[in-house]
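Please keep the sequence and the 3D view at hand while reading.

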Amino acid sequence: IFYYLINREFINLQILLKEYIMADNKNANNLTIENETREDNVFIKWNPLYDTKHKIIDEQHKELVNIINDLYMSTIDHKANKNEAFINAAKRCIEYADYHFKTEEKIMNIINYSDTENHKAMHREFYNEVINQVKNYQEGQPFIANKLVKYLKDWLLEHIAFRDKILVEELMRVLKNREGK
């Protein structure tokens, strides 16, 4: 019964978070970079629903949100150095995502996480997608900046809600079991 109640609460949280993300995405779907003006100049606002309850992972997620917001700002900045700002923010995103993924993957290895291979594959797909899009941009290929920013936002928030929370739950169970021994 206890497991059922926890599982039901987690499913309710997933549904609530999915609705929150979808509502937020309705605004993002209409994003046009050239004429974009948001009052708060923030593409993603951190919401406590995104918390995994793991201090390090949550801090890193918040930093990724900040970086995505910086990337977003670089796309709407009408200054002469817009290209440089975008490239710098994109590189920072790639580097920090790599750092964050390595942190999570160390945790997975330590606890022998049950979904390690799938989780790592998602990290690789994300990393490769961002690298390819930035590379295409640098090579002058057709590129729509808001699609990259929207992809980053959607991927990160969904990954936090449906993958990282499960990872942290398993981590907490493993730690609790180890304490009980």
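Two residues are in contact when heavy atoms lie within 4.5 Å. The model described here is predicted.

## Overall fold

The secondary structure of the protein chain comes to five helices and zero strands, so that the order of elements from the N terminus reads α-α-α-α-α. Of the 181 residues, 44% count as buried, and the accessible surface comes to about 10,800 Å², of which 52% belongs to carbon and sulfur atoms. Among contacts between residues at least 6 apart in sequence, 78% join residues at least 24 apart.

## Nonpolar cores

The largest nonpolar core has 31 residues, and those with the most contacts inside it are I68, L71, F126, V134, L152 and L156. Two or more residues each are given to this core by α2 (55-76), α3 (82-111), α4 and α5 (145-180), with the largest share, nine residues, coming from α3.

Leaving aside neighbours within four places in sequence, I68 is in contact with F43, I44, V149, L152, K153 and L156.

## T116 in helix α4

Helix α4 covers residues 116-138 and contains T116. Why does T116 count as buried? Its relative accessibility is 10%, and because buried means under 20%, T116 falls in that class.

The side chain of T116 reaches the backbone oxygen of Y113 at 2.8 Å.

Note on methods: Residues are numbered from 1 along each chain as its sequence is written. This is a predicted model: local features need pLDDT of at least 70, side-chain atom pairs count only at pLDDT 80 or more; totals for chains, interfaces and linings use all residues. Side-chain values use heavy atoms; hydrogens and water are left out. Helices (H or I, at least four residues) and strands (E, at least two) are DSSP runs, numbered from the N terminus. Buried means under 20% relative accessible area, exposed over 50%, partly exposed in between (1.4 Å probe, protein chains only). A polar contact is a pair of N or O atoms within 3.5 Å; within protein, one must be able to donate a hydrogen and the other to accept it, and residues adjacent in sequence count only if both atoms are side-chain atoms. A nonpolar core is a set of buried Ala, Val, Leu, Ile, Met, Phe, Trp, Tyr and Cys residues joined through side-chain atoms within 4.5 Å. Accessible areas come from the Shrake-Rupley method with a 1.4 Å probe; for residues, only the protein chains shown count as cover.
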